[in-house]
Amino acid sequence: MLKYEEVAKHNTRDSCWVIVHGEAYDVTEFLPDHPGGSKIILKYAGKDATEEYDPIHPPGTLEQNLPKERCLGKVDPDTLKDGAAQLQRDKKEVGPSIKEDKIPPMELCLNLYDFEVVAKRVLKPTAWAYYSSGADDEVTMRENSGAFGRIWFRPRILRDVSKIDFSTSILGHKCSMPLYITATALGKLGHPDGEKNLTIAAGKEKIIQMIPTLASCSFDELVDARIDENQVQFFQLYVNSNRAITEKIVRKAEERGVKALFITVDAPQLGRREKDMRMKFDDVGSRVQNDNKDNVDRSQGAARAISSFIDPSLSWDDLNWFRSITRMPIILKGVQTWEDAVMAAELGLNGIVLSNHGGRQLDYARSGIEVLGEVVPKLRERGLFPNPMFQIFVDGGFRRATDILKAVAMGATAVGIGRPFLYAYSSYGWQGVQHAIQLLKAEMEMNMRLLGAPTLKDVVPEMVDTRALYTHTNTVPESSGSQVYEKMSTAIGKAGDAATIADIADKMSKL
Ligand SMILES: Cc1cc2nc3c(=O)[nH]c(=O)nc-3n(C[C@H](O)[C@H](O)[C@H](O)COP(=O)(O)O)c2cc1C
């Protein structure tokens, strides 16, 4: 068995060993090929990299990418303890701003915004930056929730609302409400069990979970974590430039019982999320002494570091190929205009998600709910709506049951929610996600009663006044969403690292 002291000697670009889960690996030759750049590996050269490695790499990644002989064997666990102590001393990252035993009791979270407030204090600054960030000036991210403030209700009275039923079916699968958990990458940044928290809570609450391509847990782990074999899961696909890899992933998803394929079409390149990028600008000194051997700009943030495989040449012409390799329904995730919605329907696909990726891609893209208001009439005009074989989903900024009901009234089958569930499990594990879903269910029941709609069929277009939606002038300036939003200029800085360009300039002047 190797001793930690031996591994620690291999701490340079010329001989770089790292420890992951108690095993030592020689990654010297792999350094130039690492999608996230060599610098991040070199930071852990001769050390235990498990904590940094885990959230970003599904199990098995090392084994798949390194020749067998580069696995050097187990490191004596007793000697590893010295290594851990050394690593702790070397580490610069500041932890969460509140300790685990000081987290407010979960029951105090009364709505989805409350989880965000807690998570901001519980998450490490790097994780908070990755989860909470949006593209460029985050205008679209804020607009996603702001747009709901421009839709008003027209409730009906004197209807029997003693019993309320908001169960529905999505792509033919029964679920307890018109909601699914959308795909969000890197779940282990927030909690050691990562996306498994979502699987468990979704199963218990009879909600569908969309498994992301870039999950921290392996695909198999997430399928195995289902609470029973009837639990329905969908799969989100980032299409690889190497189609053989994509084909393998899609076939495996179908074999393992996944019920639908959501192909992400709004991310030919991942957007610039500056909160995330600044957080990775963690070492101004070494940048000044850059040896130019590291070609990857390491200020790119977690998102860009892991996404270089995504194929920017993906086009409409590829869609028939997907139909030839799977029988799963195919849905495009990230449609943003009626023209593309019509093309998807005419091509005979099974649905679309009107989404701007949570405001993380093209800034100034319109909110999903606004696009919904545009898409449905255009499809209807062409006889393409309503059509149970072509369903419309929408995501981005949904935080209240009233938001969900507005989308249902406007023609959506169901809506996706992303960040709030990440925040819920980062703070409270799967129980947090379950609590968040239960809060939404309680809101659904009350609001459907107040709307005069005992079932989802009674939630009709006439119940919403959308005249202001398209004006882009917010009538509710101080929504809960705008109160929890963290301004870009004050966003970071808590890690002790560079926050704004002013901080960076300040740091460099002192070097
Ligand atoms: C941290 C994070 C990671 C995400 N990862 C992915 C992803 O890997 N694939 C994808 O198609 N969408 C991804 N999305 C977009 C979501 O699926 C969804 O469109 C968005 O989060 C909805 O907005 P909301 O977070 O306001 O609910 C991600 C969003 C966030 C916040």
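Which residues lie nearest the centre of the second largest pocket? The legends below take up this question and then turn to other parts of the predicted model.

**Figure 1. The protein chain as a whole.** This overview shows a predicted model whose protein chain contains 21 helices and 16 strands. The chain has 511 residues, and buried residues make up 55% of them. Among contacts between residues at least 6 apart in sequence, 77% join residues at least 24 apart.

**Figure 2. The second largest pocket and its lining.** Phe385, Val408, Gly411, Ala412 and Val459 are the residues that lie nearest the centre of this pocket, which is lined by 30 residues. Two or more lining residues are given by each of β6 (168-170), α17 (368-381), β14 (391-395) and α18 (401-409). The largest share, 4 residues, comes from α17. By residue class, the lining of the second largest pocket divides into 17 nonpolar, 10 polar and 3 charged residues. The volume of the second largest pocket is about 800 Å³.

Figure 3. Helix α18 is largely enclosed by the rest of the structure, because 8 of its 9 residues are buried. The buried residues are Ala401, Asp403, Ile404, Leu405, Lys406, Ala407, Val408 and Ala409. Both Asp403 and Lys406, which count as charged, are thus found in the list of buried residues of α18. The buried residues of the helix pack against β5 (152-153), α17, β14, β15, α19 and β16 (464-465). Gly411 follows α18 and has a positive phi, near 115°.

**Figure 4. The largest cavity.** A search of the whole structure finds 1 cavity of 30 Å³ or more. The largest cavity holds about 410 Å³ of space. It is lined by 30 residues, and Ala183, Thr184, Lys333, His357 and Arg360 are the closest to its centre. At least two lining residues are supplied by each of α7 (125-132), β15 (414-417) and α19 (419-451). The lining of the largest cavity comprises 13 nonpolar, 11 polar and 6 charged residues.

**Figure 5. The ligand and the residues around it.** The ligand is surrounded by 22 residues, of which Ala183, Thr264, Asp395, Arg399 and Gly418 are the closest. Ala183 is also listed among the residues closest to the centre of the largest cavity. The side chain of Tyr238 places an N or O atom 3.1 Å from a nitrogen atom of the ligand. A polar side-chain atom of Ser355 is 3.4 Å from an oxygen atom of the ligand. For Arg419, a polar backbone atom lies 3.0 Å from an oxygen atom of the ligand.

**Figure 6. Val353 in strand β13.** Val353 belongs to strand β13, which spans residues 351-354. Its relative accessibility is 0%, and Val353 therefore counts as buried. Apart from its neighbours within four places in sequence, Val353 is in contact with Tyr180, Phe262, Ile331, Leu332, Lys333, Gly334, Val335, Phe393, Val394 and Asp395. Of these contacts, Asp395 is also one of the residues closest to the ligand. Val353 and Ile392 are 39 residues apart in sequence, yet their C-alpha atoms are 6.1 Å apart in space.

Notes:
Residues are numbered from 1 along each chain as its sequence is written. This is a predicted model: local features need pLDDT of at least 70, side-chain atom pairs count only at pLDDT 80 or more; totals for chains, interfaces and linings use all residues. Side-chain values use heavy atoms; hydrogens and water are left out. Buried means under 20% relative accessible area, exposed over 50%, partly exposed in between (1.4 Å probe, protein chains only). Contact means heavy atoms within 4.5 Å. On a 1 Å grid over the protein atoms alone, a cavity is a set of points where a 1.4 Å probe fits but cannot get out, and a pocket is an open set with protein on both sides within 12 Å along at least five of seven lines; lining residues have an atom within 4 Å of a point. Grid points are joined across faces, edges and corners, and a volume is the space filled by probe spheres set on the points. A residue is near a molecule or strand if one of its heavy atoms lies within 4 Å of it. A polar contact is a pair of N or O atoms within 3.5 Å; within protein, one must be able to donate a hydrogen and the other to accept it, and residues adjacent in sequence count only if both atoms are side-chain atoms.
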